[in-house]
Amino acid sequence: MPPVTEQAAGAIQTTLGTPTAPAIIFFLIIVAITLAITYWAAKRTKTTKEFYAAGRSVSAIQNGLALSGDYMSAASFLGIAGMVALKGYDGMIYAVGWLVGWPALMFLIAEPLRNLGKFTFADVVAFRLKQTPVRIASAIGGILTVLFYTIAQMVGSGSLVKLMFGLPYEIAEIIVGVIMLAYVLFGGMLATTWVQIIKAVMLLCGVTGMMLVVLAKFNFDPGSLYSAVATQYGQGALEPGGLITNPIDAVSLGLALMFGLLGLPHILQRFFTVPDAKAARISVLYATGFIGYFYIIIPIVGFGAAALIGRDVITNIDKGGNMAAPLLAEFLGGTPFLGFIAAVAFATILAVVAGLTLAAASSFSHDIYVHVIKKGNATEQEEMRASKIATLIFGVVAVGLGILFKGQNVAFMVGLAFAIACSANFPALILSIFWKKFTTAGAVWAILTGAFLAVGLIIISPTVWVDIFKNPKGSELFALKNPAIVSMTASFLVGYFVSLLTKDETAEQKFEDEKLRTYLGVGAE
Amino acid sequence: MQKDVHSLLESSEFKSLVAKRAKISILLTILLFLSYYGFVLLIGYNKPFLAQKLSEATATTLGIPLAISVILASWLLTVIYVVWANAIYDPEVKRLRAKLFGK
């Protein structure tokens, strides 16, 4: 089957970039179904338990799908497929890193988190420490993480929608903002969970379908797919390339990906939607399975795009390679399949941004409003009202920032979000659960050190200093592209030493009793 | 109840439960580390190893099945944890809770 590169680059026949009937129809169907779900969820979302945690009614497999959905963002799907298409094996290396945090999540914190917390991860960090300072610090770490992640998603979504549907960037941002606010404001966690589940199923089915058709074109022999890629682009496409040049940088990135997951507020909040710790554990089993499967089959899609469509065509439409998968969908199944994949990518964006908004709103209303401003004395109605106002504000801010950052290279912000998560949120969380001598001051200093060091080091790293601020190559003040190995270590060290210097009797005494809840779930909410 | 709670927390059964969980969490995390960072460091220090072809007849490099194996291994480790938890941890938790409440 001759690759499409034989046509003049740029003369490729594609409906990408124009709103086609199938794309619009699928998109409208998805919006209709998800809004119907929101209506159903709204009737069941009256209390804070329902708004933040879906009334703890989510089963293990449902949560597994919702977690997968939250994690398999459009950036992940389109970005990694594109990376494999353009860079070959390096894309596979990158994909592996995205999965390995999930086992760590299960072994280290899934069950204690569910047992000790109520709605947010700050519940767990502040469990036996002084509420006000720890809640504020956790909120800073949490909201910074969510903010950068959200900007990256919003900017990515605007350009994606423009590329796929031809809509103006600003219109795309507003549509995303309005629809996802509808999910969260009216349906809370119940709606966002079910939107994620549906999207995860569609995404997994869609990518499975693409993989099967690609393999069919190569007689179901992956070897001949790889041979085709090697023939067209050289054996180098199947070998590790320039992604991992500095082993320390690679380990740092790996640390950020692995432990950053354990500090992402929008992922951690899903653990409060299941009935108990056992369900939390099983849901990670399912999530790891779905996500692992996803990252195993995505490279087939990427290699298929390279072999069947050609790198030139892909980069012509979008330099970053993000359109590799949609182009392949169109090649394999015409406009209807492209329409389906485009609509799924759009649903993906909506669902993830909704989850991020809920996480930010929860942090503000549950952690700051209830525990800091109201000192723990807020009624249900007051907390609900605060949640909805916070949601609205964050939604508007998200759209505003998306428009503000239009055209900027914000890919590094996802890396930044993970770096903050692993440097600020994760160390405090794990030390609080497992270390008797962890003190309030230790927690606050660990979080702030991790957060500001992560942000600061990334600003002076090649990613921002050279690529974004356009300083001369080699002038960066910090050599690593990913600061995790430094900022996370610093956070642990600070947490450790400050705790030893500031004894907290009450916290130490509570530690033994807390074990009753951590390990046996006695008193879990 | 306070006395029961205290004696439970002090009991060797509870302490051994906590210790067991710590051991398996740490063990599985170490295995996860070895598998993933082993893979990463292998790439960093020995690219030719991963670039070698599986056989003369194919273009497929060793790196490809290796990457897939790291993903599968990670998932298998979670299966091991769940099997352990279902078989050993949960029944013990149930027993200890019954002891605390069921009197």
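1. Which residues does A:Ala81 touch, not counting those up to four places away in sequence? In this predicted model, the list is A:Ile298, A:Val301, A:Gly302, A:Ala305, A:Ala324 and A:Ala325.

2. A:Ala81 also belongs to the largest nonpolar core, which has 239 residues. Together with A:Val96, A:Ala305, A:Leu327, A:Leu328 and A:Ala345, A:Ala81 touches the most other members of that core. Helix α16(A) gives the most to the core, with 30 residues.

3. The packing of α4(A) on α16(A) can be read alongside this. Helix α4 of chain A covers residues 74-87, and its axis lies 9 Å from that of α16(A), at an angle of about 145°. On the α4(A) side the contact is made by A:Ala74, A:Phe77, A:Leu78, A:Ala81, A:Gly82 and A:Ala85. Their partners in α16(A) are A:Ala324, A:Ala325, A:Ala345, A:Thr348 and A:Ile349. By class, this contact holds 9 nonpolar and 2 polar residues, and no charged ones.

4. Helix α16(A), residues 324-373, also packs against α9(A), residues 131-165. The two axes come within 9 Å and cross at roughly 160°. Angles over 145 degrees count as roughly antiparallel, so α9(A) is roughly antiparallel to α16(A). The crossing of α9(A) past α16(A) is left-handed. The residues of this contact comprise 23 nonpolar, 9 polar and 2 charged.

5. A:Asp318 sits in the loop between α15 (311-317) and α16 of chain A. Leaving aside neighbours within four places in sequence, A:Asp318 is in contact with A:Leu163 and A:Met323. A:Asp318 and A:Leu163 are 155 residues apart in sequence, yet their C-alpha atoms are 8.2 Å apart in space.

6. Is A:Asp318 buried or partly exposed? A residue counts as buried with 20 or more other C-beta atoms within 10 Å and as exposed with 12 or fewer. A:Asp318 has 19 such atoms, so A:Asp318 is partly exposed.

7. Between the chains, 43 residues of chain B are in contact with 40 residues of chain A. On the side of chain B that touches chain A, α1 (2-10), α2 (12-45), α3 (47-51) and α4 (63-101) of chain B each supply at least two residues. The largest share, 19 residues, comes from α4(B). This side of chain B has 30 nonpolar, 9 polar and 4 charged residues.

Conventions. Residues numbered from 1 in each chain as written. Chains lettered and ligands numbered in written order. Predicted model: local features only at pLDDT ≥ 70, side-chain atom pairs only at ≥ 80, totals over all residues. Axes fitted to C-alpha atoms, helices over the stretch in contact; angles between N-to-C directions. Helix = DSSP H or I, 4+ residues; strand = E, 2+ residues; numbered from the N terminus. Parallel < 35°, antiparallel > 145°, perpendicular 65-115°, else oblique. Left-handed = near helix turned anticlockwise from the far one by under 90°. Nonpolar A, V, L, I, M, F, W, Y, C, P; charged D, E, K, R; others polar. Contact = placed C-beta atoms within 7 Å. Core = buried A, V, L, I, M, F, W, Y, C linked by C-beta atoms within 7 Å.
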